[in-house]
Amino acid sequence: MARMRIPFTSLSLSLLFALSILNLAHCKTLKRDVKALNEIKASLGWRVVYAWVGDDPCGDGDLPPWSGVTCSTVGDYRVVTELEVYAVSIVGPFPTAVTSLLDLTRLDLHNNKLTGPIPPQIGRLKRLKILNLRWNKLQDAIPPEIGELKSLTHLYLSFNNFKGEIPKELADLPDLRYLYLHENRLMGRIPPELGTLQNLRHLDAGNNHLVGTIRELIRFEGCFPLLRNLYLNNNYFTGGIPAQLANLSSLEILYLSHNKMSGVIPSSVAHIPKLTYLYLDHNQFSGRIPEPFYKHPFLKEMYIEGNAFRPGVNPIGLHKVLEVSDSDFLV
């Protein structure tokens with residue numbers, strides 16, 4: 001007897017979706033997450049609390065999930081997988097209870113007024129992929145425990161008051177793609193171990209108090225294989241641009257403005273295939289700009305003012321402030 005095949009239609013998809021929603025509604029939220037979110041609720045300002053109705057952050061009966069809270073079903077329970085509470089003027093220390101939400105994949109608390117340190121317990125969030133804490137008033141050192149977040153792909157710590165050195169443990173994040181550390185008070189050298197991050201596309205450490213040389217940063221063979229954007233502007237870097245920088249063959253933006261770098265510009269850098277923006281201004285570079293830069297098929301802007309180049313050396317493009325929004329890289 002021939003078997004009848006039932007077509008998988010859009011109606012079937014709608015039914016499956018409805019059943020999944022029904023299943024989510026009838027599951028209980030894990031007590032650990034309920035307790036953690038209610039502790040956070042008790043510590044946050046009225047702008048958040050007024051939208052967080054009821055005791056269950058994932059919704060209870062006729063009540064919807066709390067604003068900014070995303071839940072998923074794991075077995076017979078609902079767990080909190082995303083927490084996005086940003087631009088609501090949260091004041092006070094980083095809510096440590098967040099670190100009990102062990103199933104979080106996204107934590108976004110940007111553009112608030114959080115103060116104090118990031119607690120070391122942040123290392124408990126092993127499933128976290130996106131950590132966005134930019135535009136706060138967080139202080140002290142960046143905890144090395146962030147290096148325990150092995151699933152992390154996006155790390156946004158810019159526009160805070162972090163100080164101390166960049167922890168070398170950030171090199172333990174194998175999937176990290178975007179690292180934003182600009183506009184802090186970080187000191188010391190950028191750990192060259194960051195060059196071993198095989199997936200890193202964007203490194204922004206501008207506007208800090210960092211020292212060292214480019215040669216030290218790229219000393220490991222095969223370093224930064226996928227790096228497209230390197231922002232080191234407004235620091236205290238010294239030394240020259242080494243010819244080996246051309247080995248960063250994926251580089252598109254190199255931002256070295258407002259440092260204390262010197263020497264001549266090696267022609268090898270002009271052979272980086274997709275180099276598009278090159279900012280050398282306000283350093284102590286000298287000599288001439290090699291002719292291959294002016295023949296580069298992709299180079300749109302090259303800023304050179306505020307150096308000791310020979311007369312007749314010309315920039316490329318019109319001078320304007322380069323601004324790349326963090327949101328361009330959020331997924």
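1. The lining of the second largest pocket is made up, by class, of 5 nonpolar, 3 polar and 3 charged residues. The model in which this pocket is found is a predicted one, and the volume of the pocket comes to about 160 Å³. The residues that line the pocket are R215, I218, R219, F220, E221, G222, C223, P242, Q244, N247 and L248.

2. As background, most residues other than glycine have a negative phi. F224 is placed in the loop between α4 (214–217) and β15 (229–231), and its relative accessibility of 2% makes F224 count as buried, because the limit for that class is under 20%.

3. A positive phi also occurs at N111, where the angle is near 60° in a residue other than glycine. N111 is found in the loop between β5 and β6 (113–116). With a relative accessibility of 38%, N111 counts as partly exposed, whereas F224 counts as buried.

4. On charged contacts, the search of the whole structure finds 8 salt bridges. One of them is formed by E82 and R106, whose closest N and O atoms are 3.9 Å apart. E82 lies in strand β3 (residues 77–84) and R106 in strand β5 (residues 106–108), so this pair ties together parts that are 24 residues apart in sequence. E82 is partly exposed, at a relative accessible area of 23%, while R106, at 15% relative accessibility, counts as buried.

5. Another salt bridge is found between D33 and R32, with the closest N and O atoms 2.8 Å apart. Which of the two partners is buried, and which is partly exposed? D33 is buried, with a relative accessible area of 0%, and R32 is partly exposed, with a relative accessible area of 27%. A further salt bridge joins K168 to E169, the closest N and O atoms there being 3.9 Å apart, and E169 is partly exposed, with a relative accessible area of 25%. Salt bridges that share partners also join R32, D33, D103 and R127 into one network.

6. Turning to the aromatic residues, the search of the whole structure finds 8 aromatic pairs. Y156 and Y180 form a stacked pair among them, at 4.9 Å centre to centre and with 15° between the planes. Because Y156 lies in strand β9 (residues 154–156) and Y180 in strand β11 (residues 178–180), the pair ties together parts that are 24 residues apart in sequence. Both Y156 and Y180 are buried.

7. A second stacked pair is that of Y277 and Y279, whose rings have their centres 6.4 Å apart and their planes at 5°. The distance deserves a careful reading, because ring centres have to lie within 6.5 Å for a pair to be counted. Y279, at 1% relative accessibility, counts as buried. Y277 and Y279 also belong to a cluster in which ring pairs link Y231, Y255, Y277, Y279 and Y303.

8. Among the sheets, an open one of 3 strands has the order β18-β20-β22, with parallel pairing. β18 (262–263) and β22 (308–309) stand at the edges of this sheet, each with a single partner strand, so one side of each is left without a neighbour in the sheet. Strand β20 (residues 284–287) pairs with β22 in the parallel sense over 2 bridges, and in this pairing S286 stands opposite A308 of β22.

9. Parallel pairing is found as well between strand β10 (residues 163–164) and strand β12 (residues 185–188), which are joined by 2 bridges. Here the bridge partner of K163 in β12 is R185. β12 is also joined by 2 bridges to strand β14 (residues 209–212), and these two strands run parallel.

Key:
Residues are numbered from 1 along each chain as its sequence is written. This is a predicted model: local features need pLDDT of at least 70, side-chain atom pairs count only at pLDDT 80 or more; totals for chains, interfaces and linings use all residues. Side-chain values use heavy atoms; hydrogens and water are left out. A salt bridge is a side-chain nitrogen of Lys or Arg within 4 Å of a carboxyl oxygen of Asp or Glu. Buried means under 20% relative accessible area, exposed over 50%, partly exposed in between (1.4 Å probe, protein chains only). Helices (H or I, at least four residues) and strands (E, at least two) are DSSP runs, numbered from the N terminus. Two strands pair if DSSP finds at least two bridges between them. On a 1 Å grid over the protein atoms alone, a cavity is a set of points where a 1.4 Å probe fits but cannot get out, and a pocket is an open set with protein on both sides within 12 Å along at least five of seven lines; lining residues have an atom within 4 Å of a point. Grid points are joined across faces, edges and corners, and a volume is the space filled by probe spheres set on the points. Ala, Val, Leu, Ile, Met, Phe, Trp, Tyr, Cys and Pro count as nonpolar, Asp, Glu, Lys and Arg as charged, and the others, Gly among them, as polar. Rings of Phe, Tyr and Trp (its six-membered ring) pair if their centres lie within 6.5 Å; planes under 30 degrees apart count as stacked, over 60 as edge-to-face and the rest as tilted.
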